[in-house]
Amino acid sequence: MNALLHKLWSVAIVLLLLPTGSPLAQSESAGTSAGSVLQQLTEASLKRTGELIGQLEQTGGAEMRPLFEVMLAGELYFIKESKQIIAITKTERRTYIGRDVFGEATLGEFTSREIKKIRVNNRLRSQLRETLARIDLLHGSKSAQKQAVLAMLDDLNEQNMRLLTAAQQGGVDGEVARLIDLAAAMVQLRDSRVSEERLEAIGVMSGQLEPAVRNQLQRLVDDAQEQDLAVRAAAQKALDKISERIEFFGQLEQLFFGLSLGSVLLLAAIGLAITFGVMGVINMAHGEMIMLGAYTTYVIQQLFPGAIAYSLLIAVPAAFLVSGSVGVLIERGVIRHLQGRPLETLLATFGISLILQQAVRSIFSPLNMQVVTPNWMSGSLVINPVFSVTYNRLYILLFALAIFAALVVVLKKSSLGLNVRAVSQNRDMAKAMGVRTEMVDAMTFGLGSGIAGVAGVALSQLTNVGPNLGQSYIIDSFMVVVFGGVGNLLGTLVGGFSLGVANKFLEPSMGAVLANIIVLVGLILFIQKRPKGLFPQRGRAAE
Amino acid sequence: MNVKKTIASIALAAGTSVISSVALAAETIKVGVLHSLSGTMAISETTLKDTVLMMVDEQNRKGGLLGKKLEAVVVDPASDWPLFAEKARELLTKEEVDVIFGCWTSVSRKSVLPVVEELNGLMFYPVQYEGEESSKNVFYTGASPNQQAIPAVDYLMSDLEVERWVLAGTDYVYPRTTNKILEAYLKAAGVAEEDIMISYTPFGHSDWQGIVSDIKKFGGAGKKTAVVSTINGDANVPFYKELGNQGVSSEDIPVVAFSVGEEELSGIDTGPLVGHLAAWNYFQGIDSEANEYFVEQWKEFIGDEKRVTNDPMEATYIGFNMWAKAVEKAGTTEVDAVEQAMIGIEFPNLTGGIAKMNKNHHLSKPVFIGEIQDDGQFEVVWETDGVVAGDAWSDFLPGSKDLIADWTAPIKCGNYNTKSKACSGQVQ
């Protein structure tokens, strides 16, 4: 019975694959055997699946690449009824679109009950990655080739070396050629017994940052059996050179982390620098303006599920409008009635912040919302094996600087900015000159709140979007503004970045918890010494 | 704080007056539910409140216990630790409940502990915790470290051949104690000091770039590396995101977590988590008839197809059913009788096999390691051969090595020193 069924399925799969113009159909004999192996995937245990992948690589080779890739992505399913193996793309609406594994043809929509996933685990994933590396080395694009060689560096067995040599003969250049030379040097150092050859190999490896190189040299230096003192000394020297470079890039990385944390602090604080710094309103609801911006991002993504890539670009102006208008409402409704009474303003805005949090809890839910990261924000820019910067942090750093620049231009060049400065310096005089101070107050508060909303869009990419999002940033925001000097935008910039960098340079030796505490204590001591912050306001406007 | 207290006491007074005016309830058995329904822990604890209500419902449909109906009394300690003690006192003295199901965080349990001991109440605690405790008045149905952390490390060591270890946790009592036990355990297994990296972060930490970069460097030394994570709550989301962004995949450096379950994964983007691991005594995805029934029953009770089940829910389920069996066995709900009847009670796990309540008030349960799938469910990749008996006092900490808990005669002690033959704590 089983054998019969099995045969039927093999026929079925070949038939099913035939009209889609798959590579299996073209090479009939290989196709049939690969087809039957493929068929076994539908009922294999995880261990058996591993063996099947090996067989598929043997029989199908490069033709099987799409299958391996789909499997690695966890998108390989089979239809329960016909046992046909298909690739599945999940949609936003929790439906499943099927497509042919080896071609472009779509096979329509499925429900979760009709299909079953072909399970993969970590072991299989790493096996698939190695398999793909072997295929890509000879047939892949340049970046795929590079990844393939890098993957092989950790395991330079004979089969891999043969493939590397074959790839080299097939003609490679640039980075890939360098890596293959490096691999050859590593093998030479490992296998050769001739001093000169080994020294030559160390010469090639010296200063290279790939972890495999460092590990091999380290092992050699630590190896008590190693008799060749010249080789050992050379290896030590090469290792020192590598360590030196790693140390340098480590510092660079630390600096980037610090700047990145600083940019987050800057973003969170920059709106407050206006409402608190320029207007002097202690706005405890500032964090909630950030939160509203983050929720705006969420709503935009829900409204346009097809345009995730652009959602952040749409969300920036939307968040500015949402938070900005809420800010204007708060100013008109509450704060203007409390002018000159800072304690009452503090309490009132704290109340508003609780109201806003609860509103969000009631409207959305107390749970965190899922904000999707667009593809262009994921991953990292690899500069070398020990130094890479993640795109989301990089973009947010640039974004923070852009917002800052825009704000400076608005305050220095626009008529609104002129009015804002006039009112904050001398309200009565400005009024006497015909400035509509009430209007200016509302607009300034709206501007500060709007900027906080824009910050929320950026923060939604880094942290959880939930009702408590704002609370975790309000303390930091006040810290930055007070440290930088109240009423001074440049102070906020310098303050944010220096707190970020200080924090990140303390973190490796102190741990994250202690680093936070030390920065806070340092800040308190600093304020004792200079109560007006880094850049105190001078002249008559100061008091 | 004062304002809060006043409000709380007014609310309390109002509540009491309502209840005393109703004052019937002689013919019901009262089940107290002490889970936060507001505040930060509400996300997790509300689910357990609903689970107890479902169990009470089910028991009543079967005809109740000892011929009486069960009545659930729900209070809200609002994620406020001192309030847990107040509410427990209210349940035991005003409501006179026969049993309490409650608490999630260790600090809330520690706050309730003196109250249930003083008033001789009975509480079931359903969450994995750091151990180092056994009270006569509490039954621990969640995992102790030897039922979650130690098997997870064993799996990584034997199956994945991990040689370098990162112990990452949130900075509070559960991760600190668990990591202390794990560190001692790893060193006993021959792992060198420099192959262990320990890192703590504050609650809700979101800037993981430095730590992930350190983990990456630590793992780049040519030895297989794994992260054992006791990171709590929503700090996990940015952590896994950063791992993904920095190109650390689950094949290179797997992360095994003790606080990430189906509930935590529902509604978040699971992309960066796929392939990472979690250790629990229960997974929703485990195939068994009892489990299938339980999942269906839950979805129906809560009225939402998308809701998931998780490990603390199973612990509540087992605890409740064991209590019901013990009450029937004792023929009364009187605490001392039920407490003695509980020891040795057996009840089938949802995942197959039988859970048994041991003399130290901890359960014997199976342990599973699951790999996170993109649908937020787990694929079991490893399980213990049989059940593992929960250990109240860890064998790997110098202070607790010689301690055992045994609530049967003649020892009847929660921290009995086997060397000095003395009991140094609560005696019955």
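Predicted model: local features only at pLDDT ≥ 70, side-chain atom pairs only at ≥ 80, totals over all residues.
Where do the two domains run?

Domain 1 of chain B puts in 19 residues, and domain 2 of chain B puts in 20 residues. Together the two domains bury about 1,500 Å², and carbon and sulfur atoms account for 58% of that area.

Which residues of domain 1 of chain B lose the most area to domain 2? They are B:Gln128, B:Glu130 and B:Ser144. Those three make up 34% of what the domain 1 side buries.

Next, the pairs across this boundary. The count of salt bridges between domain 1 and domain 2 of chain B is zero. Polar contacts do turn up: six residue pairs, with both residues at pLDDT 80 or more.

As for the elements on the domain 1 side of chain B, those giving two or more residues are α2 (42–61), α11 (311–330) and β13 (363–365). The largest share, three residues, comes from α2(B). Sorted by class, that side of domain 1 has seven nonpolar, nine polar and three charged residues.

Let me move on to the two chains. Here 47 residues of chain A are in contact with 46 residues of chain B. The buried area between chain A and chain B is about 3,400 Å², and 39% of it comes from carbon and sulfur atoms.

How many salt bridges does the rule find across the interface of chain A and chain B? It finds eight. If you want a salt bridge to look up in the structure, take A:Lys504 and B:Asp207. Their side chains meet at 3.6 Å, N to O; the cut-off is 4 Å, so this pair counts. The interface of chain A and chain B also has twelve residue pairs in polar contact, again with both residues at pLDDT 80 or more.

On the chain A side, several elements give two or more residues to the contact with chain B. Among them are the helices α12 (229–278), α16 (391–413), α21 (489–510) and α22 (512–529), along with the strand β7 (387–390). By class, the chain A side has 14 nonpolar, 21 polar and twelve charged residues.

That covers both interfaces.

Conventions
Residues numbered from 1 in each chain as written. Chains lettered and ligands numbered in written order. Heavy atoms only, no water. Contact = heavy atoms within 4.5 Å. Buried area = accessible area lost by both parts, 1.4 Å probe. Polar contact = N/O pair within 3.5 Å; in protein donor to acceptor, adjacent residues only side chain to side chain. Helix = DSSP H or I, 4+ residues; strand = E, 2+ residues; numbered from the N terminus. Nonpolar A, V, L, I, M, F, W, Y, C, P; charged D, E, K, R; others polar.
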